[in-house]
Amino acid sequence: MKGTLVALDQVPDEAFAGKVLGDGIAIDPSEGVVVSPVDADVAQVFRTHHAIGLVTASGFEILIHVGIDTVKMNGEGFRSFVKAGDKVKVGDKLLEFDLALVKAKAKSAISPMVVTNMDLVKSVENRAQGAVTLGQEILRVKKKD
Amino acid sequence: MQKTVRILNEEGFHARPAGVFVKKASEFSSAIEVQANGTTKNGKSIMALMSLGLAKDAEITITAKGADEAAAVDALVDLVNRKFQA
């Protein structure tokens with residue numbers, strides 16, 4: 001996702017900011033495109049196409065959630081390019097969304113990306129700051145031994 | 001120990017509800033499962049619960065097995081009934 005990095009605790013949603021859903025990072029998007037950050041299996045695409053779950057070969061479960069309170073948009077303005085069971089590579093397009101519509105209708109366009117099974121995680125390290133673009137490393141997650 | 005409950009909140013069993021549910025479930029030592037639409041998922045896995053894709057009015061059966069199973073099921077049923085307000 002292209003945009004500006006936002007620390008998870010600055011996300012305007014208690015569950016994400018409080019890391020109830022896991023640790024990670026968020027992006028305030030400047031374009032309505034989500035590409036895969038990892039090689040993974042698609043675990044699920046929400047029926048409203050605003051969030052996607054990925055599972056990496058090492059077992060990390062990654063949730064990418066476009067915007068805050070976007071579930072209420074009921075899929076309007078969202079389009080997915082993958083489905084549950086698909087295998088994706090880094091950079092494969094996962095979702096497209098109408099950024100202007102999200103900004104108009106949702107609470108925020110800020111999009112968190114978290115590891116939901118933190119029991120496997122040893123550390124989460126930010127690898128970038130400020131503006132980021134597609135293909136740039138932003139987060140490094142280490143697995144427990 | 002097992003109870004069936006209906007999802008009452010408008011957005012269904014979604015990211016935030018799943019996170020809150022797992023946080024509560026993880027407070028108990030019992031193994032916890034959630035059944036819906038003929039599939040059974042680990043009640044302590046956010047991704048597994050979200051993959052059920054449950055909307056408002058869906059019914060789920062919460063099962064706990066272990067030393068604190070009764071308390072676990074009661075706490076989780078209560079959480080669902082309170083629309084996942086932690």
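In helix 1 of chain B, the residues Ala15(B), Arg16(B), Pro17(B), Ala18(B), Gly19(B), Val20(B), Phe21(B), Val22(B), Lys24(B) and Ala25(B) are buried. Here a residue is called buried if 20 or more other C-beta atoms lie within 10 Å of its own, exposed if 12 or fewer do, and partly exposed in between, with the C-beta atoms placed from the backbone. Helices (H or I, at least four residues) and strands (E, at least two) are DSSP runs numbered from the N terminus. The model is a predicted one, in which local features need pLDDT of at least 70 and side-chain atom pairs count only at pLDDT 80 or more, while totals for chains, interfaces and linings use all residues. Residues are numbered from 1 along each chain as its sequence is written, and chains are lettered from A and ligands numbered from 1 in the order in which they are written.

Helix 1 of chain B is thus mostly covered, with 10 of its 11 residues buried. The cover over these buried residues includes parts of both chains: helix 1, strand 5 and strand 6 of chain A, together with strand 2, helix 2 (46-50) and helix 3 of chain B. Two residues are taken to be in contact if their C-beta atoms, placed from the backbone, lie within 7 Å.

In soluble globular proteins, nonpolar side chains tend to be buried together.

The two chains also meet directly: 16 residues of chain A are in contact with 13 residues of chain B. On the side of chain A that touches chain B, strand 4 (40-45), strand 5 (51-56) and strand 6 (61-65) of chain A each supply at least two residues. The largest share, three residues, comes from strand 6 of chain A. This side of chain A divides into eight nonpolar, five polar and three charged residues. In that division Ala, Val, Leu, Ile, Met, Phe, Trp, Tyr, Cys and Pro count as nonpolar, Asp, Glu, Lys and Arg as charged, and the others, Gly among them, as polar.

Chain B as a whole has three helices and four strands, arranged along the sequence in the pattern β-α-β-β-α-β-α. Its radius of gyration is 11 Å, close to the 12 Å that the globule rule gives for 86 residues, so chain B is as compact as a globular protein of that length. The radius is taken over C-alpha atoms, and the rule is 2.2 Å times the number of residues to the power 0.38. The C-alpha trace of chain B spans about 35 × 25 × 20 Å along its principal axes, and 42% of the 86 residues count as buried. Among the contacts in chain B with a separation of 6 or more, 72% are between residues 24 or more positions apart.

Helix 3 of chain B (residues 69-81) has 13 residues and reaches 18 Å from its first C-alpha to its last, close to the 18 Å expected at 1.5 Å a residue; the expected span is 1.5 Å times one less than the number of residues. Its buried residues are Ala72(B), Val73(B), Leu76(B), Leu79(B) and Val80(B). They lie on the same side of helix 3 of chain B because they cover an arc of only 130 degrees around the axis, an arc formed by the directions from the helix axis to the C-beta atoms. These residues pack against strand 1 (2-6), helix 1 (15-25), strand 2 (31-36) and strand 4 (59-65) of chain B. Just after the helix, Lys83(B) takes a positive phi of about 55 degrees.

In chain A, His49(A) likewise has a positive phi, of about 60 degrees, although it is not a glycine. His49(A) is placed in the loop between strand 4 and strand 5 of chain A, and counts as buried with 22 C-beta neighbours inside 10 Å.
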